[in-house]
Amino acid sequence: MNDKPQHDKTVDNPFFAGVWKTLSSHEPGALRRLRAENLAGLSGRVLEIGAGTGTNFAFYPSTVTEVVAIEPERRLAELARTAAGRAPVEVTVTSDTAERFAAAEPFDAVVCSLVLCSIDEPDTVLRQLFSLLRPGGELRYLEHVASAGRRARMQRVADATVWPRLFGNCHTHRHTEQTIVHSGFQVADARREWTMPAWVPLPVSEFAIGRAVRPA
């Protein structure tokens with residue numbers, strides 16, 4: 001593991017960091033299974049956006065030569081560095097923004113897990129990620145997304161009230177897959193999954209998992 005903290009880019013959100021630390025240490029088995037599936041088959045250099053506590057690190061296959069993991073929240077970044085020390089592949093945790101890597105060697109893949117919901121301008125960020133990939137490179141995403149019907153109404157209420165304040169700017173009713181396509185990616189494989197029974201009244205139970213490609 002290589003540690004490369006960038007303190008001028010850090011975010012200080014102690015409440016969310018504490019909440020996320022607890023949630024990530026008690027993830028349901030269905031979500032952990034989706035994390036492993038989302039990373040299966042990756043190889044080469046990988047950029048992970050919003051690494052959180054480093055939950056993904058244990059699932060990277062040995063064909064990955066390097067992971068650069070961005071996590072701006074300083075408490076979460078420290079937990080991610082600890083997780084990186086146990087990872088089966090080389091992981092560098094940084095608090096830099098994606099723009100820093102624009103002039104560097106292109107990545108073979110970008111990983112987004114439960115992060116696009118909390119970004120103020122996901123379309124802008126996805127276009128930046130598109131530019132960081134080599135032609136033919138992959139975006140692997142695992143994100144909770146906008147549902148339909150009664151749950152959609154629940155999501156809109158949650159987003160307009162306390163949910164983003166409690167969970168680090170998380171917005172539950174986003175059409176993330178549409179944004180990915182509008183950013184230039186071609187979705188090669190995608191599906192929806194429930195991590196809890198559909199009757200459970202949570203706005204974040206439905207997930208999209210997929211693989212999108214930067215056209216060659």
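## Ground rules

Since the model is predicted, local features need pLDDT of at least 70 and side-chain atom pairs need pLDDT 80 or more, while totals for chains, interfaces and linings use all residues. Residues are numbered from 1 along each chain as its sequence is written, and side-chain values use heavy atoms, with hydrogens and water left out.

## The nonpolar cores

Let's start inside. A nonpolar core is a set of buried Ala, Val, Leu, Ile, Met, Phe, Trp, Tyr and Cys residues joined through side-chain atoms within 4.5 Å. Buried means under 20% relative accessible area, exposed means over 50%, and partly exposed is in between (1.4 Å probe, protein chains only).

The largest core here has 24 residues, and Leu47, Val110 and Phe185 are among those with the most contacts inside it. Helix H4 (122–132) and strand E5 (107–113) are among the elements that each supply at least two residues; helices (H or I, at least four residues) and strands (E, at least two) are DSSP runs, numbered from the N terminus. H4 gives the most, with five residues. Apart from this core lies another, of 19 residues, including Ala51 and Ala83.

## Rings and a charge

The structure holds three aromatic pairs. Rings of Phe, Tyr and Trp (its six-membered ring) pair if their centres lie within 6.5 Å; planes under 30 degrees apart count as stacked, over 60 as edge-to-face and the rest as tilted. Phenylalanine 16 and tryptophan 20 are stacked, 5.9 Å centre to centre with 25° between the planes. They sit four residues apart in helix H1 (residues 14–24), so about one helical turn separates them.

Tryptophan 163 and phenylalanine 167 make a tilted pair, at 4.5 Å and 40°. Tryptophan 163 is buried at 16% relative accessible area, whereas phenylalanine 167 is partly exposed at 22%.

Elsewhere, the charged end of arginine 45 sits over the ring of phenylalanine 107, 4.2 Å from its centre. That label needs NZ of Lys or CZ of Arg within 6 Å of the ring centre and within 35 degrees of the ring normal.

## Two positive phi angles

Leucine 114 has a phi near 55°, a positive value in a residue other than glycine. Leucine 114 lies in the loop between E5 and H4 and counts as buried at 15% relative accessibility.

Asparagine 169 also has a positive phi, near 75°. Its place is the loop between H6 and helix H7 (176–182), and asparagine 169 is partly exposed at 25%.
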